[in-house]
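Hi everyone, thanks for coming.

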Amino acid sequence: MTGKSSYSIVFMDVLAPAVQRAIASVFEPPFVVQFAMNYDPAHQLDLCRSADFLVPGWAQLTAEMLEAATRVKAVHKWGIGVDRIDVAAAKRLGIPVVITAGSNAGPVSELAIALMLAVYRRIYYVNREMRAGKWPKSEMRESCFQIHGKTVGLVGFGNIGRKVARRLSGFEPQRILYCDQSPAPPEIEQSLGARRVEFHELLASSDIVSLHAPYTNETRHLIGRASIGRMKKGSVLINTARGELVDEAALADALARGHLLGAGLDAFDPEPPDLDSPLLKLDQVIVTPHAGGGVFDNVVPVAAHVLRNLKCFMAGQPIAQQDVINAGTRRPI
């Protein structure tokens, strides 16, 4: 640790008071936490100017903001996705970028399965009908399904995809397939009951397709008209990753035509979605506000993950490689 008396850690997202208190309880001197009051660009820019460390979650971190952050020693993402951080600018400026790899995998995997169940059991629709005084019991029997006996395809098999596979085992699916650029070790595949296949085979074989891939130029609209056309008729799409992975117009069309049974969406493009989005008008679509990792009992563990990495950085000790996006050249002062 260096001789400076205190270090400002700025959390760039607007967080509920209870979440702020939980995060603050983790940090200790010389680290002093500060929280964004809003997402106004001028306010966010001022935060960047005064920070020693920046912790964005959903908040965007642009090249202009990074250039203004002359005191910043590192950017630590809350979560794993860095598509809202200008990583190229950070690298050019020598600013390290690190993430909390695996820290949100449990909550996100639980939401993915919750969305599968909500679509298959038509939870949104039946809840609304019952509140209107109806009793759609007979209707539900002919339109609901179970995960048991189905083939689930996981697009991406990192920390989250593997957690989904593990949690699915209790539902006794027929098969779990996955596609990923990097095959999992054979012992992992065996323990999770998962088999690696090509993307086109996964689409054609799966009753449920669940997205767990990062957003890159290559994965934009990975699920578009052509790929949706390869999916089984009556299958379900789950997206707890990034909205940009899905061509939403193509998805809405496939749902309206009945090619897909339903969709569970925790990510959109843009966010929040436009109120006139056709996806919001379909009963067979379950939506949540990109909150897969947003559970209160995981706030302290993620904050502790951030603190652990920052302590390593300040002490000149190595950070776990899976957390390092850009090593940077700036050093503690």
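Two housekeeping notes before that. This is a predicted model, where local features need pLDDT of at least 70 and side-chain atom pairs count only at pLDDT 80 or more, while totals for chains, interfaces and linings use all residues. Residues are numbered from 1 along each chain as its sequence is written, and side-chain values use heavy atoms, with hydrogens and water left out.

Okay, the inside. A nonpolar core here is a set of buried Ala, Val, Leu, Ile, Met, Phe, Trp, Tyr and Cys residues joined through side-chain atoms within 4.5 Å. Buried means under 20% relative accessible area, exposed means over 50%, and partly exposed is in between, using a 1.4 Å probe and protein chains only. The largest nonpolar core has 28 residues, and the members touching the most others are Val209, Leu211, Ile228, Leu237, Leu251 and Leu255. Two or more residues each come from strand E7 (175–179), helix H10 (199–205), strand E9 (208–211), H12 and strand E11 (260–265). Helix H12 is the top contributor, with five residues. Those labels are DSSP runs numbered from the N terminus: helices are H or I with at least four residues, strands are E with at least two. There's another core apart from this one, made of 27 residues, including Ala118 and Ile147. As background, nonpolar side chains tend to be buried together in soluble globular proteins.

Now the charges. A salt bridge is a side-chain nitrogen of Lys or Arg within 4 Å of a carboxyl oxygen of Asp or Glu. How many salt bridges does that rule give? The count is 15. Take Arg71 and Asp52, whose closest N and O atoms are 3.3 Å apart. Arg71 sits in the loop between helix H3 (63–68) and strand E4 (74–76), and Asp52 in the loop between helix H2 (41–50) and strand E3 (53–55), so this pair ties together parts 19 residues apart in sequence. Arg71 is partly exposed at 38% relative accessibility, whereas Asp52 is buried at 0%.

Another one joins Arg220 and Asp269, at 3.6 Å from N to O. Those two are 49 residues apart, with Arg220 in the loop between E9 and H11 and Asp269 in the loop between E11 and E12.

Keep Arg220 in mind, please. Which residue is buried yet has no salt bridge? That's Glu248, and its nearest side chain of opposite charge, Arg220, is 9.3 Å away. For charge, Lys and Arg count as positive, Asp and Glu as negative, and His and the chain ends are not counted. Glu248 belongs to helix H12, residues 248–257.

Most residues other than glycine have a negative phi, and most peptide bonds are trans. Here, the bond from Pro29 to Pro30 is cis, with omega near 15 degrees. Glu271 and Pro272 are also joined by a cis peptide bond, where omega is about -10 degrees. Arg122 isn't a glycine, but has a positive phi of about 55 degrees; look for Arg122 in the loop between helix H5 (105–120) and helix H6 (123–131). His221 has a positive phi as well, near 55 degrees, and lies in the loop between E9 and helix H11 (225–230).
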